[in-house]
Structure formats: C-alpha cells, structure tokens
Amino acid sequence: MVHKLTILVFVLLGIEGTARAAECKGSEELEAQVQAHPSARAWGALGGWFGEQHQFSCAITAFQRAIGLDPTSARMHYFLGLSLYSSGQADASIAELRRSVALDSNDLQARLALGVAYHQLGRAADAEKAWEGALAIDPNSTTALDWLAKARIAEGQFGAAIELLSSVPPDEDLTIDLALAYSQSGKFDKAADTLSAALANSPNALRIGSALATVYVQSHRYQDATNLIRATLNAHPNDAATELLYLRLLVLQDDDADAQPIAQKMLAAHPQDFDALYLSGVIENDEQQYAVAIDHLQAASRLNPNHYDVRFNLGTAYAHQKQNDAAREQLEKAVTLDPSKAEAHFHLAQVLRALGQTTDAQAQLKLFEQCQQATTTLALGQTKAGQAAQALDAGNATQAISLYREAIEALPQDAVLEYDLALALERASDAAGERAALEKTLRLRPRFAEAENQLGLVTARAGEVSAAEQHFRNALAAAPSYAEADNNLGTLLGQQGRDREAEAFLRSAVSANPRFGQAWVNLAATLASESMFPEACAAVESALRIDPRNADALRLREMLAGAAGGEHSASSPSSASAQNPR
Amino acid sequence: MTYSDRRQWSRRRLLQTGAMAAAQASAPNLVRAAHTASSLLPPFSQFTDVAAQTGLTQPIMYGPTGEVPYIIESMGGGCAFFDYDNDGWVDIFILGGRLLDSIPSGSGNRLYRNNRDGTFTDVTAKSGLGDPGWANGVCVGDYNNDGFEDLFLTYYGHNRLYRNNGDGTFTDVTAQAGLLHSGNRFGTGCTFLDYNCDGHLDLFVANYVEFDLATAPRPSIHVATCSYQGVAVYCGPRGLSIPTHALYRNNGDGTFTDVSEASGIDKVKTSYGLTAVSLDVDEDGWPDILVAADSTPSLLFMNNHDGTFREEALIRGLAVSSNGQEMAGMGIASGDYDLDGHIDIFKTHYQLQSNGLYHATGRGDFDDVTVESGIGVERRFVSWGNCILDLDNDGWPDIFYVTGNVYPELERVFSRFPARSQPILFRNLRNGTFAEIGSEAGPAFAAHHCSRGCAFGDFDNDGDVDILVMNQNEPPSLLRNDAPPGNNWIKVRLEGTKSNRSAIGARVLVRYGGHVQAQQVMSQSSYLSANEPRLHFGLGSEGTASVEIHWPSGTVENYKTLQANQLVTIHEGIGVVKGRPFSQRSK
C-alpha cells in the first residue's frame with residue numbers, strides 16, 4: 001500500500017540506523033548549537049538531522065534529551081515516536097505518539113502516525129480510531145481517508161467505505177479505494193464510472209488505468225479492457241505491472257498469438273516467477289505444447305500448491321499426454337480447491353473414464369451438470385433481479401416486487417435478493433411485507449448489517465422501541481463502522497431521553513463518516529439537550545461545512561444562538577432538530 | 001478485485017475468445033499447411049449469387065436493423081428447398097418476420113415456384129403460406145403420406161402445420177391436427193420423424209426460451225445477461241427461463257397426440273433449443289433426436305424403442321465442447337466428412353467460439369475434432385446455417401456456413417463485431433482436415449449479409465449443390481454452384497411405401513472408389529431450415545457407385561453399379577423407378 005505520510009521525516013520501514021548512540025555525531029553547526037545552547041529546540045533540530053541520516057538510535061537519544069528539557073512538547077514526543085517506530089520499536093512509539101496526541105489533540109500528523117503504528121502491530125480497531133480522530137481534525141485528510149477506507153474494505157465493510165469516500169477531494173489513492181469498494185460490492189458500473197472520470201482528468205495515471213482495466217474484466221468488457229491496456233502499455237512500455245496485466249488479459253481471452261511472446265520474455269527475465277511460469281504453462285497447454293507446459297506448470301505449482309488454475313491446466317496437459325494417473329491426481333486437487341468449477345469435473349470424468357473407473361466418472365459428470373445448472377439458475381435470478389432494480393428505479397414498485405419474487409424463486413438462498421425485495425416492499429408501503437422479507441433475510445444471513453438496520457427502522461416506525469434498539473445494535477455488531485446504524489440508534493436513544501448514550505453513538509457516526517451531515521445535526525441536538533452548547537455549536541458548524549444550506553443545521557444554529565443568549569429556551573433544540581431514525 | 005493479489009485471477013473458459021489475428025496466428029503451421037494442401041487440389045467450385053436475376057428480389061423483413069431490443073427479433077429465420085408441386089424442380093420457401101409494432105408491407109413468408117429455366121415466381125399469395133409473424137423454423141415432411149410434402153413452421157407465438165393440397169395451395173390444419181398449444185411459445189427447431197417406426201411421420205418441436213413480450217427485460221449495461229462487452233443488447237437467452245420441448249405422435253388419421261410427457265421429452269428442461277435434426281446416431285434403426293442448444297448443453301434424445309427417449313448428449317460427446325464448455329449451438333449439419341460410413345456432425349456457434357466438428361465413432365458417440373480438423377481457426381462471426389456436403393463433387397464433403405451478428409449495435413462500438421459478414425467455406429483436404437478457402441470459390445464469398453438459415457439443393461438440376469440463404473432485411477442469396485467439370489455425382493431420391501412416404505430417416509450409404517459415404521434423409525437441417533430431399537453424392541472421377549439403403553421400416557436394399565451423373569429414384573420395396581433425367585450442363 002502506498003500511503004501518504006509524505007510529510008513525515010523518516011521512512012516508516014523500521015530501517016535501523018547505521019550509527020550507534022555512542023558514536024552519534026551530528027552536523028558541526030547543530031552540535032555547536034546544542035553545546036552552546038542545550039535547549040529542547042536545539043536537541044530537536046539535532047534529532048531531526050539524525051533522522052534524515054537514518055541514524056535513528058541517535059535521533060532517539062536527541063529527542064529524549066529534548067523532551068527532558070520540555071516534557072510538554074507535543075512535537076518532540078511526536079518525533080520521538082517516529083524515531084522509535086523507524087528503529088523497529090513500534091510498541092514504544094505508540095506510547096510517545098499517544099503522549100503527543102494527548103498534549104496536542106489537534107495534531108493531525110501525530111494521529112496519522114499513531115494509526116500507522118497501530119496498524120503495523122495489527123491493532124486494527126485502535127488504528128481506525130486514530131484515523132477517525134485525524135478526520136475529525138481535517139475531514140479532507142486524504143491520508144486518513146485512504147487508511148480508513150482500506151481498513152473498512154479489508155473488513156468487508158464496503159458500504160462504510162463507500163459512505164466515507166463518496167464525496168472526497170480528487171485523489172488517485174482515494175479514487176482507487178472507492179472503485180475497489182464498489183467492485184467488491186458488485187457495483188462494477190459505478191466502479192468503472194469512478195475510474196473513467198478520474199482517468200479522463202489524468203490520462204497518464206497508470207494505477208487508475210490498471211484498476212479500470214481490472215473492473216472492465218470483471219464486467220466482461222474484455223474489448224474495453226484490451227483497448228485500455230494496450231494504450232497504457234504504449235504510453236508506458238517498460239511498466240512491468242501493466243505488461244503483466246496485459247498478458248493476463250490476453251490469456252483470459254485465449255489470444256495465444258499475442259500472449260506467448262510476452263510470456264516467453266517474462267519467463268526469460270524471471271525464470272522462477274510464479275506468474276511467468278503459470279501463464280506460460282497455460283498458453284503452452286492451449287497451444288498443445290504439452291511437455292513444456294507440464295514443466296512450467298509443475299514449477300508454478302511448487303511455488304503455489306493451492307492455485308486452482310495451475311492444477312487444472314496441469315491435469316488437462318497430462319490428460320492430453322495420456323498420463324491419466326497424473327492427470328487424475330491434478331484434477332482431483334483442482335476440484336478440491338474449487339468444487340464449483342464445472343470444467344474440472346468434466347475433465348476429471350473423462351480421465352476417470354479413460355482409467356476404466358466408470359462409476360466415478362459418472363459421479364463427476366453429475367457434478368458437472370449440477371455446476372452448469374447452477375450457472376444457468378444464477379443467470380436467471382440475476383436477470384430477474386436486474387429487471388426488478390430497473391423497475392424500482394422507474395418508480396414501479398409493484399412490478400419490482402413481482403420480479404424480485406421470481407428472482408428469489410430461482411435463488412431462494414440469496415439473502416441480498418430478499419433484502420432488495422424488502423426495500424421494494426417499503427417503496428410500496430407494504431410494512432408487513434417488508435418486515436417479513438427482512439426477517440427472512442436475517443434467517444438466511446444472520447449478520448447482514450443493512451438488513452438489521454432496516455428492520456430497526458421498521459420496528460421503530462411500528463413503535464417497537466426495544467426491538468428497534470436491538471436491531472440497530474445488531475447492525476453495529478456486524479459492522480462497527482456503520483455510520484447510518486450509529487445515527488439511527490443514537491437518534492432512537494435521544495428520542496427516549498437517553499442523551500448520554502445517544503451522544504456516544506452519534507459521535508461514532510460522525511467519526512465513521514465525517515461527511516454525514518444529518519448525524520452532525522443529530523449530535524448537535526443531543527449535545528444541546530445535555531446543555532453542552534459550545535459542543536453543540538461546533539457540531540452544527542461541522543454540518544454546515546459539509547452543506548451550508550442544510551436547513552436543519554441552519555435552524556438549529558439559530559436556536560442555539562438563542563439558547564446561548566438565554567440558558568433556558570422554550571424551544572428545545574433536540575425536539576426541533578433530531579430526525580427520526582432513517 | 002484485489003490489485004495486489006494477482007493470484008485471485010483464474011482463467012475464464014465460458015467463451016472461447018480470440019482475436020482474428022490470434023485465430024490465424026495461433027495455428028500458423030496448421031493454416032499454412034492447409035493452404036498449401038488446398039493449392040495442390042484441383043480447382044474448386046465457383047459460386048455466384050444469382051438471386052436478383054432469378055427473381056428473388058423481395059427483402060425478408062425480420063426485426064429492426066439498428067438496435068434489437070428483444071430476442072424474438074433476432075433469431076429468425078430458416079428457409080427450404082422443397083418440391084411442393086412434385087415436378088422434379090425444387091422450389092424455394094423462406095421464413096420472414098415483422099416489426100414489433102407493425103407489419104410492414106411485404107412482411108411474412110415467401111414461396112417461390114421454380115420455373116425450370118433458372119428463374120422463380122413468387123406464388124406466396126396463392127399458396128396461403130404468407131402469414132406474417134415471428135416465423136423461425138421450417139421442417140418438411142409428408143405427414144399424411146399423400147405424396148405431397150407438407151410444412152410445419154415454428155413461430156414465436158403459435159406454430160403452424162400447413163397441409164399441401166397438391167394444387168399449389170396449403171391449408172393451415174394446426175387446429176384439426178391437434179397441434180395447438182395454450183399460450184405463446186418460442187418455437188424454433190422442428191423435425192418430422194417416425195420415432196415409433198409405424199410408417200407415419202411424428203413431430204418433434206424444440207423451444208428456445210420462455211418469453212413474454214409484456215414482461216421481458218430490456219437491454220441494460222447494468223445487467224450481465226442484457227449486455228455484451230459493455231454494450232446494452234437484448235437480454236438472453238441466458239437469464240431467461242428455460243422451456244421444455246415437445247413430441248407429437250402421428251395418429252395416422254391426420255391428427256397428432258402430444259406425447260411430450262409420455263415420451264420423457266418434457267422432463268428435460270436444461271437447454272435453450274434451436275435446430276432439431278433426427279438422426280440414427282447409434283445406427284440401430286430407430287431415429288434419435290439431436291437439438292442444438294444455445295448457451296446450454298445441446299441435447300441428444302436417444303430412442304428407447306418403446307415410445308420413450310433418454311437424454312445422453314453429455315456422455316456421447318455432443319453436449320458441450322471438448323473443454324466442457326457450453327457453446328451457443330445454432331445450426332446442425334450432418335454428413336460423412338471422412339468417408340467412413342458414419343454420419344458426423346458440424347454445429348455452428350457464436351462469435352469468438354469455434355464451430356464444432358464432431359466425428360462419429362460408429363459406436364453412437366462422438367469425438368470433438370474441431371482443433372485437429374482445422375475448423376477451429378475461424379472464430380470471428382456468429383454462425384448459423386451450415387452443411388457438410390460435397391460442393392465440388394470431388395467425392396469429399398466440404399463444410400459451408402453463413403454468418404451474421406445478433407447485435408447490430410456492436411459494430412458502432414467495436415469494428416471487430418460487424419453486423420453483416422461473409423459466408424465461410426472450408427474445403428475437405430481428404431485427410432481429416434479442412435482449409436478455409438473463401439474467396440477462391442467466387443465473388444459470393446465477399447458479400448456481407450446478416451444471414452440466418454440456409455438450405456442446400458440443386459435448383460437448376462445441373463448436378464451440383466446450390467445454396468439458398470435467408471438474409472435478414474435483405475433479399476435472400478441464391479448461390480449458384482458451378483462445379484468443376486470432370487467430377488461426377490449421383491443423386492438419390494427415396495420414396496417410402498412401408499416407411500413414411502418422405503423416407504425421412506432413411507440412411508443411405510454410397511460406395512465409390514473404395515470409399516463409403518453415409519447420408520440420411522432429413523426433415524430439418526442447417527439452421528431451422530430444410531434441404532431438398534434428393535441426397536447428393538459427389539463421386540470425383542468414379543463413373544459408378546453402389547447404393548445401400550436402410551429404410552426406416554428396417555428393410556435394407558442394395559443397388560449395385562449405378563451410373564454416375566443421374567438422379568436415381570427408388571421406391572421402397574419396388575426399386576429404381578423412372579425419374580426425370582437431368583440435363584448435363586455444358587462445361
């Protein structure tokens with residue numbers, strides 16, 4: 001991952017400095033300064049110099065001297081923390097960075113560095129809190145947004161990542177993060193749109209182009225992917241990653257004529273590279289060059305024994321060479337690695353038949369047919385679902401409901417379809433139907449955060465407050481960074497007068513998504529209910545920074561101005577501005 | 001998508017894709033060798049499109065030309081060479097369509113009578129066959145054994161059985177024959193066949209998809225099955241519900257009984273059916289049914305001899321490609337390309353897919369020889385009507401097929417997917433391989449059309465096989481074959497007496513010069529089309545041939561040392577009867 005701590009003095013790779021403490025000798029000028037005026041500033045400057053020279057042990061000593069002279073310097077604690085991290089002492093670095101943050105809560109860099117240190121130690125939750133803290137200081141911090149988005153994506157919280165990145169400043173890393181979140185949640189067209197727009201603005205952005213090509217492939221737009229990668233390669237002929245992507249694309253499309261020269265060149269340059277061996281083997285297998293294909297694929301399988309396609313191609317190559325026992329072994333491994341692949345069952349059946357194992361061959365053919373049938377059924381369900389989505393977009397909820405039901409008939413175990421049906425039923429104002437569909441969704445997939453959140457709304461509207469609270473809590477248990485659920489639970493609790501609890505969840509909402517305007521408004525209203533008027537005003541201002549025309553925020557600001565003028569106001573900001581859960 | 005873990009990618013084999021450059025270059029040795037071998041053979045036939053001068057000038061309306069929102073506007077239609085008036089000269093029948101919202105003037109099917117002088121006359125109006133609708137396929141057979149060939153047409157909507165009245169007119173007898181069905185169906189392939197060997201032609205009908213215009217999905221780039229390469233196109237067939245198929249038993253009195261359930265046919269609901277051919281795959285004397293299927297496994301219904309069928313395409317090697325992939329099966333051609341006495345199969349497929357050549361082993365199963373034969377190098381176009389027939393009369397059946405895209409929208413975005421494209425011709429190199437020779441066979445191979453069905457027959461009775469092509473929204477093509485002089489031939493016309501009168505299902509083996517070539521009389525072939533019933537065999541330099549006939553009744557007859565260059569008309573149990581002599585064209 002490329003991260004954007006570019007302003008940091010040191011490279012955070014734990015590279016040990018070459019100088020030892022006993023031999024620390026800085027620049028003449030800086031050494032003279034600490035001798036003449038041994039101030040924290042002077043020691044800090046010397047420490048910075050050692051840091052630039054990657055003499056981290058010396059830097060640590062210098063910064064410790066600075067802190068000894070000025071223990072309340074947040075900056076020195078920050079630099080000491082960086083030095084400790086760079087010398088491989090991540091635990092110690094955290095302590096210093098935390099001190100820096102405690103001394104200066106508005107220090108963005110310290111929070112960013114703290115997040116990275118936590119991340120390095122695998123403390124994901126702490127890291128996210130650190131970055132959320134950074135975003136509270138600067139909602140546009142691309143570094144914080146990038147780290148946080150990647151963390152959400154890694155946790156599978158794609159919706160939360162999309163929420164976070166939906167209106168961020170243009171930035172290559174953030175664009176790719178957003179596209180990744182879209183594609184991981186199956187929204188390939190949105191991923192493509194995002195990347196296309198970015199590429200239009202920055203035609204030479206290599207990583208954007210590669211990402212867009214990947215999305216095109218996922219969307220079966222092979223021609224678009226090929227055209228794009230060819231153009232990229234023309235512009236960057238020496239870019240190895242692009243060339244590899246191009247080779248993979250050619251192999252995917254069975255374009256052996258164009259692929260083979262590239263693969264051969266790659267293999268000559270990197271004879272032990274997995275991709276070079278694997279892709280060469282696949283091409284050679286396709287070209288009926290079975291002996292050399294077997295050699296290359298065997299080498300690839302030694303590097304990665306659990307790669308389905310290596311095993312599959314090795315199996316078919318052996319089969320073509322009539323080495324049926326070896327073929328069987330490889331194809332059996334392939335079907336174990338991925339039982340959903342019809343082709344592997346088919347070829348294994350042929351090999352088993354050649355070996356005279358007719359019964360086993362028939363069993364594999366049966367599995368082959370089942371895989372094919374599953375593919376057909378999936379296509380049927382997806383078509384109906386796509387049609388339903390179109391109907392809903394066109395405002396025809398009734399037709400959408402009917403189509404979703406047909407999709408569900410084809411794919412009865414698909415929780416997402418059931419959830420989509422629920423949303424269509426909501427549009428048709430069928431509360432009972434919506435509830436039933438959501439309950440079924442959760443039976444199919446118990447930790448479906450969006451369904452829990454939606455069921456929370458349904459039960460809240462029905463006045464079942466306890467049930468609603470439980471559903472919102474369930475949503476957050478499944479997806480801790482689910483800002484919408486945080487906001488809904490906070491609002492529900494606020495409506496019950498449980499302001500302190502509400503505040504915590506609303507703070508969590510704006511922390512998870514600093515651009516969540518409505519959550520800021522709700523937080524402001526809750527804080528006002530707790531008579532925390534300065535904090536409430538700050539929250540309102542946060543909402544207005546996101547959208548200066550936010551009517552609720554403007555109204556609340558007025559009321560708070562009145563409340564600040566007189567302590568007890570007839571109109572309660574919380575009742576006026578707190579939205580119902582949404 | 002994970003950018004860093006490249007190993008997440010796996011090879012997709014759903015479609016056999018490949019650029020033309022790759023297709024040509026990926027087997028450079030094979031293609032070059034094939035061309036070299038071809039150039040050592042005598043000159044091939046020359047084909048000329050004579051449609052205009054023969055009077056086939058009426059465009060066949062079928063759906064829109066720019067964008068096609070629904071699948072029903074794209075799949076039709078077939079065509080037929082058949083002799084409706086029994087004058088010994090094959091006539092022409094072409095299926096037509098319409099537009100969604102209107103029936104433009106000139107829409108509908110067309111019947112052309114052969115004037116015997118190289119021209120045709122449009123007799124549609126008198127015939128009663130012109131009914132405009134979404135006609136798809138035609139199969140020909142004398143279902144009532146009255147001596148006149150009847151027609152069964154499949155439609156999106158309701159299929160129709162037209163009884164030949166023998167006077168140039170046809171009557172729609174669908175209702176009285178018991179062939180009406182409830183609701184709309186998307187009928188495609190059909191074949192008359194005598195599945196219970198009682199001497200009466202029964203009827204099998206394949207269906208494509210379950211489709212209701214009122215609720216059908218529309219093109220959308222947001223739905224995988226409604227887009228192609230990022231372009232919104234008509235939805236399907238993937239993603240549309242799969243139908244069952246139908247079998248009707250001929251009661252012998254002009255009516256049929258639906259035996260789809262009793263026969264086991266309707267238990268199979270796995271495939272989007274297109275062309276249907278009846279072929280005795282295991283040569284046991286009982287007709288089987290092969291159905292080309294689109295994007296799903298093709299079907300082979302094996303006759304159990306007791307009124308039921310079992311589906312065995314997968315275990316017999318015809319369901320999917322040699323790699324286990326479901327292909328877009330369109331047309332089926334049957335013929336004996338390697339002269340081993342067993343009927344092989346050639347199936348047309350989709351663009352970026354190889355068409356499939358399946359060699360019959362003689363044991364009732366097939367080996368996919370697409371790659372070894374050299375056929376697999378051509379993958380550019382969506383392919384439709386086809387044949388395995390000896391086009392140059394050198395004694396070795398060649399392969400021909402027509403092409404045309406299903407998505408006219410694509411060519412605006414991707415020039416490699418043109419809406420209209422040329423026919424393809426592979427010459428048999430006599431060693432199990434073929435060479436693509438295209439333009440060497442005349443200007444007809446440079447013409448681009450959006451073709452669908454094609455039929456094969458000798459319209460000018462000059463002893464070679466001509467080609468009729470249905471082109472969507474254009475006049476048809478009629479490719480007159482001028483075969484090279486010096487190559488001999490023999491045609492065999494059969495008439496059943498104990499067997500069905502059309503002799504559908506009769507398997508004929510012709511021996512000449514140490515070779516044996518097998519063919520079968522069929523009701524439907526190619527893509528939703530029907531070839532003329534006279535079986536044509538090129539003999540090369542051989543002056544005589546012997547003919548062995550396996551009649552559907554089980555009778556086997558042998559006719560030794562028949563002279564070449566004649567039509568031999570054989571009545572079951574009677575023998576060779578006098579037929580109309582062919583005039584020898586001056587070469």
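User: How many salt bridges does the rule give over all chains?

Analyst: This is a predicted model, and the count over all chains comes to 52 salt bridges.

User: Why is the pair Arg461(A) and Glu434(A) called a salt bridge?

Analyst: The closest N and O atoms of Arg461(A) and Glu434(A) are 3.9 Å apart. The limit is 4 Å between a side-chain nitrogen of Lys or Arg and a carboxyl oxygen of Asp or Glu, so the pair qualifies.

User: What makes this a link between distant parts of the chain?

Analyst: Arg461(A) and Glu434(A) are 27 residues apart. Arg461(A) sits in helix H25 of chain A, and Glu434(A) in helix H24 of chain A.

User: How do H24(A) and H25(A) pack, and which residues make the contact?

Analyst: Helix H24 (residues 431-444) and helix H25 (residues 449-461) of chain A have axes 10 Å apart, at an angle of about 145°. The crossing of H24(A) past H25(A) is left-handed. H24(A) contributes Glu434(A), Arg435(A), Leu438(A), Glu439(A), Thr441(A) and Leu442(A). From H25(A), the residues include Ala451(A), Leu455(A), Val458(A) and Arg461(A).

User: What is the class make-up of the contact of H24(A) with H25(A)?

Analyst: It has 5 nonpolar, 3 polar and 5 charged residues.

User: At what angle does helix H15 of chain A pack on H16(A), and with what handedness?

Analyst: Helix H15 (residues 256-269) of chain A meets H16(A) at about 145°, the axes being 9 Å apart. H15(A) passes H16(A) in a left-handed crossing. Among the contact residues are Ala259(A), Ala263(A), Met266(A) and Leu267(A) of H15(A), and Ala276(A), Leu277(A) and Ile283(A) of H16(A). By class, this contact has 7 nonpolar, 2 polar and 3 charged residues.

User: How many residues of chain A and chain B are in contact?

Analyst: There are 58 residues of chain A in contact with 52 residues of chain B. About 4,700 Å² is buried between the two chains, with carbon and sulfur atoms giving 53% of that area. Gln223(A), Arg248(A) and Asp254(A) supply 12% of what chain A buries against chain B, more than any other three residues.

User: What is the count of salt bridges between chain A and chain B, and of residue pairs in polar contact?

Analyst: There are 0 salt bridges between chain A and chain B. The polar contacts, counted with both residues at pLDDT 80 or more, come to 9 residue pairs. H21(A) gives the most residues to the side of chain A that touches chain B, namely 14. That side of chain A divides into 21 nonpolar, 23 polar and 14 charged residues.

User: Which peptide bonds have omega near 5° or near 0°, and what are they called?

Analyst: Omega is near 5° for the bond from Gly76(B) to Gly77(B), and this bond is cis. Gly77(B) is in the loop between helix H3 (51-54) and strand E2 (79-82) of chain B. The bond from Gly236(B) to Pro237(B) is cis, with omega near 0°. Pro237(B) lies in the loop between strand E13 (231-232) and strand E14 (246-250) of chain B.

User: What is noted about phi of His220(A)?

Analyst: Phi of His220(A) is near 65°, a positive value in a residue other than glycine. His220(A) belongs to the loop between H12 and H13 of chain A.

How values were computed. Residues are numbered from 1 along each chain as its sequence is written. Chains are lettered from A and ligands numbered from 1 in the order in which they are written. This is a predicted model: local features need pLDDT of at least 70, side-chain atom pairs count only at pLDDT 80 or more; totals for chains, interfaces and linings use all residues. Side-chain values use heavy atoms; hydrogens and water are left out. Contact means heavy atoms within 4.5 Å. Buried area is the accessible area (1.4 Å probe) that two parts lose on being put together, summed over both. A polar contact is a pair of N or O atoms within 3.5 Å; within protein, one must be able to donate a hydrogen and the other to accept it, and residues adjacent in sequence count only if both atoms are side-chain atoms. Helices (H or I, at least four residues) and strands (E, at least two) are DSSP runs, numbered from the N terminus. Ala, Val, Leu, Ile, Met, Phe, Trp, Tyr, Cys and Pro count as nonpolar, Asp, Glu, Lys and Arg as charged, and the others, Gly among them, as polar. Axes are lines fitted to C-alpha atoms, for helices over the stretch in contact, and angles run from 0 to 180 degrees between N-to-C directions. A crossing is left-handed if the near helix is turned anticlockwise from the far one by less than a right angle, and right-handed if clockwise.
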